[in-house]
Amino acid sequence: MRDDLKERRKALNARLNDLTSRLTGIEQELDAPKSRDWEDRATELEGDEVLERLGHAGEVEISLIREALRRMDRGEYGVCVSCGEEISSERLDVLPFTPQCRLCARGEG
């Protein structure tokens, strides 16, 4: 396995672990008992909405990371799933879990 691929796998696994830990914390916060005071409860509900959005975004990223790791296992990592062209290393540096090249992601491919 190329060194850059090993480093990308290592970074993806670290991000996956970080996100999993954060989602556990979000779930615990959402499951925590709520205040009986109406004003406090309203504030808590607003916070819960933010936590739910963060949790959803985290779940989406986890899914993308797991799929990127599966592509690595299959030897397909770094190849656009839409057009089959190679994804630039610059794009993978920024979005290591991306399944598409820049053109396909923009709808130009």
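This is a predicted model: local features need pLDDT of at least 70, side-chain atom pairs count only at pLDDT 80 or more; totals for chains, interfaces and linings use all residues.
Local features need pLDDT of at least 70, side-chain atom pairs count only at pLDDT 80 or more, and totals for chains, interfaces and linings use all residues. Residues are numbered from 1 along each chain as its sequence is written, and side-chain values use heavy atoms, with hydrogens and water left out.

**View 1. The largest pocket has a volume of about 260 Å³.** A pocket is an open set of points on a 1 Å grid over the protein atoms alone, where a 1.4 Å probe fits, with protein on both sides within 12 Å along at least five of seven lines. Its volume is the space filled by probe spheres set on the points, which are joined across faces, edges and corners. Lining residues have an atom within 4 Å of a point. There are 15 of them, and R2, L5, Y77, G78 and L92 are the closest to the pocket's centre. Helices α1 (3–31) and α3 (89–94) each supply at least two lining residues. The most come from α1, with 3 residues. Helices here are DSSP runs (H or I, at least four residues), numbered from the N terminus. By class, the lining has 6 nonpolar, 4 polar and 5 charged residues. Asp, Glu, Lys and Arg count as charged; Ala, Val, Leu, Ile, Met, Phe, Trp, Tyr, Cys and Pro as nonpolar; the others, Gly among them, as polar.

**View 2. The largest nonpolar core holds 19 residues.** Such a core is a set of buried Ala, Val, Leu, Ile, Met, Phe, Trp, Tyr and Cys residues joined through side-chain atoms within 4.5 Å. Buried means under 20% relative accessible area, exposed over 50%, and partly exposed in between (1.4 Å probe, protein chains only). L12, I65, L69, M72 and Y77 touch the most other members. Two or more residues come from each of α1 and α2 (38–74). L69 touches R9, L12, N13 and L16 (heavy atoms within 4.5 Å), not counting residues up to four places away in sequence.

**View 3. D18 forms a salt bridge with R22.** A salt bridge puts a side-chain nitrogen of Lys or Arg within 4 Å of a carboxyl oxygen of Asp or Glu. Here the closest N and O atoms are 3.3 Å apart. Both residues lie in α1, 4 residues apart, about one turn of the helix. D18 is partly exposed, at 31% relative accessible area.

**View 4. R74 forms salt bridges with E67 and E76.** The closest N and O atoms are 3.1 Å apart for E67 and R74, and 2.9 Å apart for R74 and E76. E67 is partly exposed at 27%. R74 is partly exposed at 44%, and E76 is partly exposed at 37%. Elsewhere, salt bridges that share partners join R15, D18, R22 and E61 into one network.
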